[in-house]
Amino acid sequence: MTIGNLMRLLSDGEVHSGEQLGEALGVSRAAVWKQLKKLEALGVELVAVKGRGYRLAHPLEPLDGAKIVERLPADARHLLARLFVEDQLPSSNEYLRERFSQGAGHGEVCFVELQTAGRGRRGRVWSTPWGQSLMVSTGWRFESGVNALEGLSLAVGVVVSQVLEQYGVSPKLKWPNDVLLAEQGDELGKLAGILIEVTGDAAGPCEVVIGIGMNLSLPDSLRAAIDQPVAALFDVKAGISRNQLAADMVAGLLNMLSGFESSGFAPWLEAWNQRHAYAGLPIRVLQGERSSDAVAGDVDESGNLWVTENGHSRRLSGGEISVRRRL
């Protein structure tokens, strides 16, 4: 019995007795109870109904590879080499890096319901309960070397935003790789993060894995443990199909990637600046142990962020630099 099998049985939101679950999974009631406790420890909210059994506090829609593929438009289906939907992995990015090492990886997409060693930029941990986020990695091979990747993470941010806008949601983009959303009032919280990992030759072929983690639901216990403002999509737009959202995300990413090597970031520049969360606002620039105050300008065709510090313009270019809104 896996946690994924148990979650799929519970996903309808109905009450299931320990005996019913045990019969369906071929294990004892005691084994079911242990797994339910493990789910609670992973942040899944369960409701115990006295004398009847257990149900999820909130029904969820498990990801289904066949449903995702059938909802892809024809052009995206043509670009997709292979789709994986995994119950649990240490890291979906790591999974695709391993696929590249085996001679595959290009045009492959991996969704995972639970990551045990997922991480964001600068090594931060990215964790959400089983099935309550959208975690996806996409592999793509570029022939022209690392320079062809300038602005790629920003283009990914635009794709994510455009997909969400189809659902009536209005996200903002934070340089270089966060998608923000206002849940209540004006405060923007982090909805999604983007992590791009590159292996290969600086001047020749390189293999890129693009990881995206998006919060769909966030239990209060997890929110309290996160040290920055966060947002969850279903708090502002409930009822979105996870499989349809997954298909829309795959289609948007593959279509962008298919043209990025030849066109670069330039076609995405205006769209990014239109969604820029901090344009014209005071920010704090963090670089290692150093920090400085600035006013944010626009990004340029290479994906660099221009800022004004003490009356002088300065260009920020990715790496280990991050920015925060200064209030």
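A residue counts as buried when its relative accessible area is under 20%. The views below show a predicted model.

**View 1. Two buried cysteines, Cys110 and Cys206**. Cys206 has a relative accessibility of 0%, which is under the 20% limit, so Cys206 counts as buried. Cys110 is buried as well, with a relative accessible area of 0%. Over the whole structure, the search finds zero disulfides.

**View 2. The second largest pocket, with a volume of about 580 Å³**. The lining is made up of 24 residues, and those closest to the pocket centre are Leu149, Gly151, Ser153, Gly318 and Gly319. Two elements give two or more residues to this lining: helix H7, which covers 152-165, and strand S8, which covers 188-200. Strand S8 provides the largest share, with four residues. Sorted by class, the lining holds 10 nonpolar, 10 polar and four charged residues. Rolling a probe the size of a water molecule over the atoms shows where empty space is left.

**View 3. Strand S7 and the strands that pair with it, S6 and S8**. Strand S7 spans residues 178-182 and is mostly covered, with four of its five residues buried. Strand S6, residues 172-174, pairs with S7 in the antiparallel sense over three bridges. The hairpin that joins S6 to S7 passes through three residues. In this pairing, Lys174 stands opposite Asp178 of S7. S7 also runs antiparallel to S8, and five bridges join the two. Here Leu180 stands opposite Lys190 of S8. In a regular strand the side chains alternate between the two faces of the sheet.

**View 4. The salt bridge of Arg8 and Asp87**. The closest N and O atoms of Arg8 and Asp87 are 2.4 Å apart. Arg8 belongs to helix H1 (residues 3-10) and Asp87 to strand S3 (residues 82-89), so that the pair links distant parts of the chain, 79 residues apart. Arg8 has a relative accessibility of 32% and counts as partly exposed. Asp87 is also partly exposed, at a relative accessible area of 22%. Side chains of opposite charge can pair when their charged atoms come close. In the whole structure, 12 salt bridges are found.

**View 5. The salt bridge of Arg242 and Glu113**. The N to O distance between these two side chains is 2.8 Å. Because Arg242 lies in helix H10 (residues 242-263) and Glu113 in strand S4 (residues 108-115), the pair ties together parts that are 129 residues apart in sequence. Both Arg242 and Glu113 are buried.

View 6. Asp293 is partly exposed, with a relative accessible area of 37%. Arg284 is partly exposed too, with a relative accessible area of 34%.

View 7. Gln287 stands opposite Arg290 of S11. The hairpin of S10 and S11 has two residues between the strands, and in this hairpin Gly288 takes a positive phi near 65°. Five residues lie between the strands in the hairpin of S11 and S12, where Gly303 takes a positive phi near 85°.

**View 8. Val299 of strand S11 and Trp175**. Val299 lies in S11, which spans residues 290-299. With a relative accessible area of 5%, Val299 is buried. The C-alpha atoms of Val299 and Trp175 are separated by 8.5 Å, while the two residues are 124 residues apart along the chain.

Key:
Residues are numbered from 1 along each chain as its sequence is written. This is a predicted model: local features need pLDDT of at least 70, side-chain atom pairs count only at pLDDT 80 or more; totals for chains, interfaces and linings use all residues. Side-chain values use heavy atoms; hydrogens and water are left out. A disulfide is a pair of cysteine sulfur atoms within 2.5 Å. Buried means under 20% relative accessible area, exposed over 50%, partly exposed in between (1.4 Å probe, protein chains only). On a 1 Å grid over the protein atoms alone, a cavity is a set of points where a 1.4 Å probe fits but cannot get out, and a pocket is an open set with protein on both sides within 12 Å along at least five of seven lines; lining residues have an atom within 4 Å of a point. Grid points are joined across faces, edges and corners, and a volume is the space filled by probe spheres set on the points. Ala, Val, Leu, Ile, Met, Phe, Trp, Tyr, Cys and Pro count as nonpolar, Asp, Glu, Lys and Arg as charged, and the others, Gly among them, as polar. Two strands pair if DSSP finds at least two bridges between them. A salt bridge is a side-chain nitrogen of Lys or Arg within 4 Å of a carboxyl oxygen of Asp or Glu.
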